[in-house]
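Please have the sequence and the coordinates at hand.

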Amino acid sequence: MAASDETPSAKRWLPLEANPDVMNQFLWGLGLPEHEAECCDVYGLDGELLEMVPKPVLAVLFLYPITAQSEEERMMQANEKREPKGRVYFLKQTVGNACGTIGLLHAVGNITSEIKLVEESYLDRFFKSTATMDPLERAAFLEKDREMEVAHSVAATGGETEASDNVDTHFICFSCVEGELYELDGRKSGPISHGPSSPNSLLQDAAKVIQGMIQKNPDSLNFNVIAVSKKSGGFP
């Protein structure tokens, strides 16, 4: 599967495939140590299948179809004033088809206290450079970032499906920050809180929200869930 957005932009990238292997090579190449964390498929949202996902889960990525229903909800939420709360790392999406990369940046940006990025790697420099920026400034920074554009292009053409910028699906991220579950969607005006959560219940809490979103689009099967899990027994 691929990922898209419909935000007008002078710049468009090829969409990133919802493929854990592609995402792992992408993140590991940018400075997320391979022994620290990895992306894993979530094969279903019932309790038994969720238990199969490697723990602890640090973030959850969700790919869903852009429909009239989802767009109506997004426009309603856009009218609400939303400022990032607490220490939530959030950036807006201004580059077409960049939602997969932005979802991964949201995932890593909110777990920098849980993992140790490679010193002076791309991700280490990106988060240090954008730490004090607002979401639109971060978006502008990413849009001009040639290094990320090249890395994204390599990852986007490394999947199992032929890369095309004509897609109708979109990636978002769920993270637990300071005891709350946040939906992080670069096409929306800010982080959306879905109530109390914890690192131990993040996957189950995100699954409940995702199930609600799926139920609103009963005619579509174009969904994909990927967890970012911390590796156990890695090197210190």
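The notes below go through the salt bridges pair by pair.

This is a predicted model, in which local features need pLDDT of at least 70 and side-chain atom pairs count only at pLDDT 80 or more, while totals for chains, interfaces and linings use all residues. Residues are numbered from 1 along each chain as its sequence is written, and side-chain values use heavy atoms, with hydrogens and water left out.

**Overview**
- The structure holds eight salt bridges (a side-chain nitrogen of Lys or Arg within 4 Å of a carboxyl oxygen of Asp or Glu).

**Lys 230 and Glu 36**
- Lys 230 pairs with Glu 36 in a salt bridge whose closest N and O atoms are 3.1 Å apart.
- The pair links distant parts of the chain, 194 residues apart: Lys 230 is in strand β6 (residues 224-230), and Glu 36 is in the loop between α1 (20-30) and β1 (37-41).
- Helices (H or I, at least four residues) and strands (E, at least two) are DSSP runs, numbered from the N terminus.
- Glu 36 counts as buried at 12% relative accessibility, whereas Lys 230 is partly exposed at 24%.
- Buried means under 20% relative accessible area, exposed over 50%, and partly exposed in between (1.4 Å probe, protein chains only).

**Arg 125 and Glu 147**
- A salt bridge joins Arg 125 to Glu 147, with the closest N and O atoms 3.3 Å apart.
- Arg 125 lies in helix α5 (residues 122-130) and Glu 147 in helix α7 (residues 146-156), so the pair ties together parts 22 residues apart in sequence.
- Arg 125 is partly exposed, with a relative accessible area of 33%; Glu 147 is also partly exposed, at 41%.

**Lys 188 and Glu 183**
- Lys 188 forms a salt bridge with Glu 183, the closest N and O atoms lying 2.8 Å apart.
- Both Lys 188 and Glu 183 are buried.
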